[in-house]
Amino acid sequence: MSALRRFAVASLGLATIASLAPAAAVSAPPPETPPAFASEKQAAMALHRMTLEEKIGQMFVLFGYGPDAHKPDARNTTLYGVATPAEVIAKYKPGGWIYFNARGNVENPTQLATYSNQLQQAALSTGRRIPLTIATDQEQGVVVRIGPPATQFGGNMAHGAARDTADARTAAGITGRELKAMGIRQDYAPVADVNVNALNPVIGVRSFSSDPQLVADLTVAQVKGYQRDAGIMATAKHFPGHGDTRDDSHTSLPTINHTLEEWNTIDAPPFKAAIKAGIDSIMTAHIVVPSLDPSGDPATLSKPILTGVLRNQLGFKGLIITDALEMAAVRTKYGDAEVAVRAIEAGADQLLLPPAPDVQFKAVLDAVKSGRISERQVNESVMRILLLKLKNGVLFHPYVDPAKVATTVGTPAHLATAQTIVDKSITLVKNDNQTLPLAATPRKVLVTGWGVNTTASLGASLSKRGATTTVAQTGAAPTDAAIADAVAKAQLNDVTVVLTQKAWDTKVTDKLAKQQKLVKDLLATGKTVIVVAVRDPYDIAYFDQAPTYLATYGYQGVSMESLAKVLYGEIAPAGKLPVDIPVAGDPATPLYKFGHGLSW
């Protein structure tokens, strides 16, 4: 703990900063009063002075609708009984806060920095004046809450394809520094799940690989990038491992039927490595693992898993946070009040996104008052929360300067580094007709398939290289009319590049397998067709007659630019499959093996 003694607890010596009254948008950081002392002992003193309600507040991570802490939103009133995020903070005094782009939080990096300052003002103006730990899910790749101009990377499986731990660390460091400039001190990343199931609907390319050691190595690299290089909290997820499921825990309760030996061999290594590397936080999974706990309870609510395995067997001393409690998987067996209590009983320190905050706050409070949950356990959890705030410096410097955001977020240097890193990930799986690389001659190119922004981005990248480009986006579940239109356009072009996105998933994404039909109908034209999977690399198994196939593992603009470079031979494809691609309908038989990847 000696390193923690260099930091201060803001609840000691910080003056009241501002009232909760709505004010003009914060254009500069409010003044800070440096604490007089810095020690772990003072954190314990602060804890001792907190009321039980204040302690329990620290164990909740909430969110607010809208882009401004003082702007009323009826959805906040429905959920919390108060209209503004600042009022939510005054009511619950939460320890953490999470940003979502889909809930109206994110407009641009400067706005986010101002919003963070507003939230911190609210936190420092109530109770013990302990600042929030503001967090988000900036995994990169397919899960990002803050898009451009913030720097975008290819995501975990792209790092797995590139096999470069230094680059993975650099990506986390850049991501972490940009988050910190916006007032975000915790990233719910990296994903440490080992994706051994090609039909996994919720993890897929969010995982680095199907190889436990590769996942472990890249997880450690990113922990170092976030924590050592950027100075924010990393969060390995989803313990005890979400990589072998066919069900999505957002909508149902998955079961992982690994034996204890399989769990130790497949799922555990990345989490063990993260703990050894000093990971600050680990997020739980809403999954049932009978070999670890035969009760049928999800891991989030399992004391044998969170306390018995994670704390006692693996020796994790950091913060345990639940995955979102609003997800269906954790709500199937118990009511919301009981879920909150059982999660803490199991060993969770923080409850993320409670769907019934009044009910769940009261349930935890009553459980402590009745003795069902000991106040000693609450104190231990809150102490972990305080010490991490002390470690990452938010207690010293809760505010950021919105005027300086552009000097860190999305800088030319960061964007150039991201492009160089993603360039190494593009994987050429098939080039049977030696179609690639394309000669640098004028040609007409149709870009079709999934993604309005993605097809447009690739189209722009190809146009820069002299192609006369037509873009015809067809979506994740193309209509017959859209397919016919794409086929007709293909007849008029020299080359067609068709982008697929989870074309293998006929359970949720594309129930009628229309992406597969699109690819097959395009191939039947006899024209030159290049198929590109812009998410999971597994799509080729469903139309292996395609002679040219690449995997990008992500659909951001940076990935499309790297793809264009490979198509035109500006760079040689360097990515290697970080997973097996199994034969369709036969998951035990690889069609293309881990490590496969062509080049020139």
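Me: How many helices and strands does the secondary structure of the chain come to?
Reply: The chain has 18 helices and 16 strands. Helices are DSSP runs of H or I with at least four residues, strands are DSSP runs of E with at least two, and both are numbered from the N terminus. The model is predicted, so local features need pLDDT of at least 70 and side-chain atom pairs count only at pLDDT 80 or more, while totals for chains, interfaces and linings use all residues. Residues are numbered from 1 along each chain as its sequence is written, and side-chain values use heavy atoms, with hydrogens and water left out.

Me: What share of the residues in the chain is buried?
Reply: Buried residues make up 62% of the 600. The label means under 20% relative accessible area; exposed means over 50%, and partly exposed lies in between (1.4 Å probe, protein chains only).

Me: What share of the contacts in the chain joins residues 24 or more positions apart?
Reply: Among contacts with a separation of 6 or more, 76% join residues 24 or more positions apart. A contact here means heavy atoms within 4.5 Å.

Me: Why does Phe63 count as buried?
Reply: Its relative accessibility is 3%, under the 20% limit, so Phe63 is buried. Phe63 sits in the loop between strand E1 (60-62) and helix H3 (74-80). Beyond its neighbours within four places in sequence, Phe63 is in contact with Leu79, Tyr80, Trp97, Ile98, Arg103 and Leu353.

Me: What makes the pairing of the side chains of Asp167 and Lys424 a polar contact?
Reply: A polar contact is a pair of N or O atoms within 3.5 Å; within protein, one must be able to donate a hydrogen and the other to accept it, and residues adjacent in sequence count only if both atoms are side-chain atoms. The two side chains come to 2.8 Å, so the pair passes the cut-off.

Me: Why does Thr525 count as buried?
Reply: Thr525 has 17% relative accessibility, under the 20% limit, so the label holds. Thr525 is in the loop between helix H17 (514-523) and strand E13 (528-533). Its side chain reaches the backbone oxygen of Leu522 at 2.6 Å. A polar atom of that side chain also lies 3.2 Å from the backbone nitrogen of Lys527. Apart from residues up to four places away in sequence, Thr525 touches Val487 and Gln491.

Me: What makes H17 mostly covered?
Reply: Of its 10 residues, 7 are buried. They are Lys514, Gln515, Gln516, Leu518, Val519, Leu522 and Leu523. These residues pack against E10, helix H16 (480-491), strand E12 (495-500) and E13.

Me: Why is Lys93 called partly exposed?
Reply: Its relative accessible area is 28%, between the 20% and 50% limits, so Lys93 is partly exposed. Lys93 lies in the loop between helix H4 (85-92) and strand E2 (96-99). Phi of Lys93 is positive, near 50°.

Me: What joins Ala189 and Pro190?
Reply: A cis peptide bond does, with omega about 10°. Pro190 is in the loop between strand E4 (186-187) and helix H8 (212-230). The bond from Leu436 to Pro437 is cis as well, with omega near 0°. Pro437 falls in the loop between strand E9 (427-431) and strand E10 (444-449).
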